[in-house]
Amino acid sequence: MSICRSLPFASTLIYFHKVIYRHKTILLMVFLLGVSGCRSTPNNTGALSGHVILWHSWSPDEALVLEQALAEFRESNPQVTLVTLALPADDLLARFEQSANDGAGPDLLLGSTDWIGSLAGSGLIRPLNEAEIDALPLDSRATRLVEFQNNVYGIPLSLNPKALYFNQSLVDRPATTLDELLEYAADGQGVAFVPRFEAAYWGIQALGQGLFDPDGTLNLADSGFIDWLAWLKAAQNEPGVILNVDDQALRQLFIEGRIAYYIAPPEQQAALQQAMGEDTFGVTRLPRGPAGPAGPLLPAETALFYTFSSDQQVRTALALARFLANQQQSIRFMRELNRVPANRQVNVDPRIYPTVSGFARQANTAVILPNELDRDRFYAAGDRAYASALAGLLTPEEAVCRFGQEVVEAGLYSEDEIILPAGCSLLTDEPASN
Amino acid sequence: MDENIIVPGESLADIITNQLNMMLAFLDRPVVQQQILAIAGIILIALLLPEVVRRWWQQRQPDDLPEMDPPPRRPWAARLHGLYAPLTGLVLANVVIWLFERQGHPNGLVESSRTFFWLWLGYRALLMVLYARLGESVKPYHRFVFVPIFVLVLLWLFLGRQVGTALVANVPILTLGSFILTLGNLINATVLLYIFLIGAWVVERVLNRALQSRFDAEPGKIRSLATLVRYTISAVGIVIALAALGLDATSLGLVAGGLSVGIGIGLQDIVGNFVSGLTLLFEQSLRPGDVIELNGRISEVERVSLRTTTVTTLDNIKMIIPNSTFTTEPVTTLTKDNNNLIRVLLPLRVAYDSDPAQVKQIVEQTASRHPQVLRNPAPLLLSRGLGVDSSLDFDLSVWTNRPKLRGLLKSELYYLLFKALAEQGIKIHVPKRELSIIQSQANPPTETQTG
């Protein structure tokens, strides 16, 4: 760098000796800054080397397992210095966004696929090139999880679909259909879940088509959304069914054995195991409906790559991400932490890993939302539909119609990209009822 | 700072090494290198450009101009040059940020430098105003208050941007029972303690100044009051700092227990002096400005602190005396009851044949002419009777309100009296002995005395 080469000529500044003496401390700091800014960039050939930063939000116990995996990576790549930092889950994204603009983001970020849209949109994560993608074990599901505007932005490590937890001391054979769920609930095997768009998305495709056509159109007309809202509205009055937004309270009911079923993601396993003990609960797929299996949303923990890493750091970060997603490490995380592997090469044997297997089977029918979608606004519109339908403010048809109108008004989908239910129009302020 | 998660088993050294490695990783990145070089360049130019401009301007001035006295500069104008560097830095930082934004480069570090230049500018402007209004008296505040606060704010800004510093702060460095001392708590407690101690010092100085200029109170009382306020604030600061360390009531009891053993064994003198200091301050038995006589030496009390008292002797020697001395030994104070009045007695003997009335008149008039002798009570010559050595014995009693100069006053009065009495032909009595030897066979030699 030409500025760096010119630094030795700083001695000519003797002309300003008085100023230099007066500000000697500041100038010393400036000199050190300059020198540090002139660190030579390592070459891009040969073995992996250099400093690489990894941020994650794994709990202390999980981080210990991660450290074991990283120790193996260090052993294979002794010239690499790995720096890991664990941040609280609800703080990780904000800290990344804040640091990224300084050039101080982590080379590898273990975060949710839900972040890909906003981070890729603001240019803070790096898309993988063709050669890099070819070197990765990405199947179609994994690719869809990390795709944004036809670019691939990461490597999924583990899947986090919601599934049906059941208390093994209360349930002999878990409900497999929605009807059975209501029937068992009436018989004293209560069920509880959060009646909000993201948490209770799973019933839509059990009662009709999914929300999205294969070409990406938001199809509210043929989806099971209206029927699902109608089912929820009826179910909330059934004995043994508890629909409440206070997830913590619902979990407590399950822990205390006052309900037999609880719908939650895999992250809840550790807390439930700690409170209830080993082998006291099982996990199975969510009950299917007349139209097919339940389809919860499928978020995944993904290794994302920082845009402003050096070339050397990018190479090392890619190698590290591949390492963390490989079969051996996926099995380690499944065995030690009950994580649901995103790597399809991993055989999740239900006899050995029954709970992980429940989530893995659920992931097969789970729904992947396009990362181009502004999820916050989409979920907010969906939440309003659920809340207004369950409170009786709108009929299910009206609620879904209003949802479609809001989605278009928010610019999430254009008129051509959405199919509204029959009788619903974008031209009227008030939703038309059937 | 955020609440970072500490991986079990990670030591302080591990975390610090991690932080350093993280910085090295940042420095490997071109975008960071560019920003750092830009900041270094901005600071260099900000410091040197004003000097270049100044020299260029001087060189442009024609040499053949007649010598003229420069116009008197206003106090703030003399310090205006302190603003040039931060202002230049601010302008350059904005230009660089604009350039980086145009190039689509991240510029967070340069933005931080802009914040730094704003702070620097504010800091310099504040100092400029204070020095202009209050003069050099700002200097101690500048050194002990403004500089540390400025440095603290900069550190807070820098560390706040560095993700993971909270990890270092959360690592335990000492465990005593249930008490866990973390580096963060230690730093917080130190900063708090410093703020309170410096705050107490500032309050003491401000109180001294404000009360002495507004109230007609005795300076010694004001100084004692200010000292008490200072110690009260300091004590509150110590308690708050201990709480910031994470000490609860049980832990404090533990520490107090440990301290009590220490006090019993080795600190009893210090504690004795401390208690004596409190007694002196509360009883007001000794105040700054008092003139005392201790071990035969007259000195003025300069300062009563918690452990020691500083006095200045007539030889201008400062003595630091443990406070317990004043509570265990008799001390003569010459300035009690706020009036500083003392009586000075000067023994005087004149020849036996002198006229006592004339002596009285001359002596009293001479004494009253001395500027440090009070007119009321007026000088008074008291007869002590007829001397056994054939003299007239007197004591000149004069009052003065300058007790510290008692010795000097005595000396000067004697000079004046000697001169005045000599001018009037009155002899100072000099005891002398006459020896008469009478040669007689019948009578042996006899000794006679004359005055």
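**View 1. Strand 11 of chain A has buried residues on both faces.** In this strand (residues 261-264), A:Tyr261 and A:Ile263 point one way, while A:Tyr262 and A:Ala264 point the other way. All are buried, meaning under 20% relative accessible area with a 1.4 Å probe, protein chains only. Strands are DSSP runs (E, at least two residues), numbered from the N terminus. The model is predicted: local features need pLDDT of at least 70, side-chain atom pairs count only at pLDDT 80 or more, and totals for chains, interfaces and linings use all residues. Residues are numbered from 1 along each chain as its sequence is written, chains are lettered from A and ligands numbered from 1 in the order written, and side-chain values use heavy atoms, without hydrogens and water.

**View 2. Strand 11 of chain A pairs with strand 7 of chain A and with strand 8 of chain A.** Two strands pair if DSSP finds at least two bridges between them. Strand 7 (residues 163-167) runs antiparallel to strand 11, with four bridges. Here A:Phe166 has A:Tyr261 as its bridge partner. Strand 8 (residues 191-193) pairs with strand 11 in the parallel sense, over two bridges. A:Val191 stands opposite A:Tyr261.

**View 3. Five strands of chain B form an open sheet.** Their order is 6-5-4-3-7, and the pairing is antiparallel. Strand 6 (318-322) and strand 7 (332-333) of chain B each have a single partner strand, so one side of each lacks a neighbour in the sheet.

**View 4. Strand 3 of chain B meets strand 4 of chain B.** Four bridges join strand 3 (residues 291-294) to strand 4 (residues 297-304), and the two run antiparallel. B:Glu293 has B:Ile298 as its bridge partner.

Notes. Buried means under 20% relative accessible area, exposed over 50%, partly exposed in between (1.4 Å probe, protein chains only).
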